[in-house]
Amino acid sequence: MHLLQVSQLQKKYGNHEVVQNVDFHINQGECVALLGPNGAGKTTIIKMILDINKLTGGKILLNGKRHDQMRKFIGYLPQHPTFYPWMTGRELLIFMGGLSNIERDILEERINELLKLVGLSEVENQLIGTYSGGMKQRLGIAQALIHQPKLLIMDEPVSALDPLGRRDILELLKVIKQKSTILFSTHILHDAEELCDKMLIINKGQLLVNGSIHQIIEQTQKPIFIIQAPRLSEWTHQLMNEDLIESIELTGNAAKVRVKNIEQGRDWLLSHILKAQLPIQKFELVQESLEEIFLRMVKSS
Ligand SMILES: Nc1ncnc2c1ncn2[C@@H]1O[C@H](COP(=O)(O)OP(=O)(O)OP(=O)(O)O)[C@@H](O)[C@H]1O
């Protein structure tokens, strides 16, 4: 049995279908990234799993049981967590533990462990109002873990942080994922690639890809010709409407050209370059990176 099973999930606001028939599952111990651009539907999906938003269609099971009976098995770090600035870090965790009815002795011990895990032991008695963004995020992760949930869900846990804070939280999540099952949303592909086993790519409420990073690369990767030369824009402009060409992206003096057929495309491009007497500095065939796969899929969906 899967830890989380999401079937034909749907959410409508009026006539606007913001989540459309989404299916996926998460097994115990997995770290899964929910990836998509702004407005794709990530937060909506997360809030439905948490039963904060009601489903308009489909089913969510956690450990085989209806999700609305299983909220206590989920730990949640929202996209914009709010803390009482006049509480200390430790006081917040005592407060949150009390809400989960954890016995005082057990709670004390667990808070000590969690503060150590997230690296806040030394500042546990400082007011949260004095914490940096990264420290607040660490505290948010500790509060999400206080009741030892089966599934930890985080909505964009690193998006609001500066590069140092982001690195810090990513390293912490690498430790946490060794013992926890994690679902987190992000629009930063690199974070997903660094942390996760599986990825769910969504756009406009639809699930475009679902699989391991290895599978996604293997099944969807396409070759690209990289052509570098001065004054490329005029030349690439002439290519736009050619049948063989799938797409062209121009950045500075380099063009990324996707073609429908590799052999024909290569011969055609080379002869076209010769005919145009283009002084090329580079002509190379490479495979798409995961980021390029993601961008292509999102743009064409
Ligand atoms: N309460 C609401 N009423 C109407 N539309 C909504 C509501 N909440 C979200 N939406 C719409 O649903 C779509 C998905 O929003 P959602 O917040 O889930 O996206 P997201 O992928 O989390 O984006 P972001 O990365 O910006 O947080 C958007 O078009 C949004 O405008």
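How many bridges pair strand β1 with strand β2, and in which sense? I looked this up before anything else.

**Entry 1: ground rules.** The model is predicted, so I note that local features need pLDDT of at least 70 and side-chain atom pairs count only at pLDDT 80 or more, while totals for chains, interfaces and linings use all residues. Residues are numbered from 1 along each chain as its sequence is written. Helices (H or I, at least four residues) and strands (E, at least two) are DSSP runs, numbered from the N terminus. Two strands pair if DSSP finds at least two bridges between them.

**Entry 2: the sheet with β1.** I found that β1 (residues 4-13) and β2 (residues 16-26) pair over 7 bridges in the antiparallel sense. They form a hairpin with 2 residues between them, and Gly 14 in the turn has a positive phi of about 65 degrees. β1 is also joined to β4 (residues 57-62), by 5 bridges, and these two run antiparallel. I followed Val 6 both ways: its bridge partner in β2 is Phe 24, and its bridge partner in β4 is Ile 60. The open sheet has 4 strands in the order β2-β1-β4-β5, with antiparallel pairing. Its edge strands are β2 and β5 (65-66), each pairing on one side only.

**Entry 3: helices beside α4.** I took axes as lines fitted to C-alpha atoms, for helices over the stretch in contact, with angles from 0 to 180 degrees between N-to-C directions. The axes of α4 (residues 133-145) and α5 (residues 163-176) come within 9 Å and cross at roughly 20 degrees. That makes α4 roughly parallel to α5 (angles under 35 degrees count as roughly parallel). The contact (C-beta atoms, placed from the backbone, within 7 Å) is made by Gly 133, Gly 134, Gln 137, Arg 138 and Ile 141 of α4 and Gly 165, Asp 168, Ile 169 and Leu 172 of α5. I sorted these residues into 3 nonpolar, 4 polar and 2 charged.

I then turned to α2 (residues 89-99), whose axis comes within 9 Å of that of α4, crossing at roughly 25 degrees. That makes α2 roughly parallel to α4. Gly 89, Leu 92, Leu 93 and Met 96 of α2 meet Leu 139, Ala 142 and Gln 143 of α4. This contact has 5 nonpolar, 2 polar and no charged residues.

**Entry 4: the sheet with β11.** I found another open sheet of 4 strands, in the order β12-β13-β11-β14, with antiparallel pairing. Its edge strands, β12 (245-251) and β14 (282-287), each pair on one side only. The twist averages 20 degrees from one strand to the next. Inside the sheet, 4 bridges join β11 (residues 223-228) to β13 (residues 254-259). Gln 228 has Ala 254 of β13 as its bridge partner. Helix α8 (residues 232-239) lies across β12 and β13, running at about 165 degrees to β12.

Notes: Two residues are in contact if their C-beta atoms, placed from the backbone, lie within 7 Å. Angles under 35 degrees count as roughly parallel, over 145 as roughly antiparallel, 65 to 115 as roughly perpendicular and the rest as oblique. Ala, Val, Leu, Ile, Met, Phe, Trp, Tyr, Cys and Pro count as nonpolar, Asp, Glu, Lys and Arg as charged, and the others, Gly among them, as polar.
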